[in-house]
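Subject: Structure handover

Hello,

Please find the structure below. My notes on what was found follow after it.

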Amino acid sequence: MGYTDKVAPKHIIIEVQLPDVIKASDIELDITERKLLLKSCQGMNHSYNLSINLSYAIDKEAGTAKFDKTKKCCPLLFLLKREVYQKRLLISERDQLP
């Protein structure tokens, strides 16, 4: 059973474990409305390459990403694009009217 528009998330949280990364500048993070790409910078002694297609359009300007050196992870938080979320909700509500 999948999500309906009424229970669509308002944000997406992704936590990436990066045990070989020492500092944030060792990785590149590229975010588009529907895709996340995280990879090792050239010349690093590690090779990370993560590509995720996102189910919902995100507002890439309203997200946060901060590498935690002690935990060796990078929590990412993205808000859904408000207009996309609201349009889906309005269409869903309209379809349910008698």
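Helices (H or I, at least four residues) and strands (E, at least two) are DSSP runs, numbered from the N terminus. Two strands count as paired if DSSP finds at least two bridges between them. With those terms, a hairpin joins β2 to β3 through three residues.

Before the rest, some ground rules. This is a predicted model, in which local features need pLDDT of at least 70 and side-chain atom pairs count only at pLDDT 80 or more, while totals for chains, interfaces and linings use all residues. Residues are numbered from 1 along each chain as its sequence is written, and side-chain values use heavy atoms, with hydrogens and water left out.

**The hairpin**

Strand β2 covers residues 27-31 and strand β3 covers residues 35-40. The two run antiparallel and are joined by five bridges. Within this pair, L29 stands opposite L38 in β3.

**The sheet**

Strands of a sheet pair through backbone hydrogen bonds, either parallel or antiparallel. Here, three strands form an open sheet in the order β1-β6-β5, and the pairing is antiparallel. β1 (11-17) and β5 (58-65) are the edge strands, each pairing on one side only. From one strand to the next, the twist averages 20 degrees (axes are lines fitted to C-alpha atoms, for helices over the stretch in contact, and angles run from 0 to 180 degrees between N-to-C directions).

Seven bridges join β1 to β6, which spans residues 73-80. Among the facing residues, I12 stands opposite F78 in β6, and E15 stands opposite P75.

In a regular strand the side chains alternate between the two faces of the sheet. In β1, the covered face holds I12, I14 and V16, whereas H11, I13, E15 and Q17 lie on the uncovered one.

**The cysteines**

How many disulfides does the structure hold? It holds zero, a disulfide being a pair of cysteine sulfur atoms within 2.5 Å. The closest cysteine sulfur to that of C73 is in C74, at 7.5 Å, so it is too far for a bond. C74 is likewise in no disulfide.

Are C73 and C74 buried or exposed? Buried means under 20% relative accessible area, exposed over 50%, and partly exposed in between (1.4 Å probe, protein chains only). C73 is buried, at 5%, and C74 counts as buried too, at 4%.

Regards
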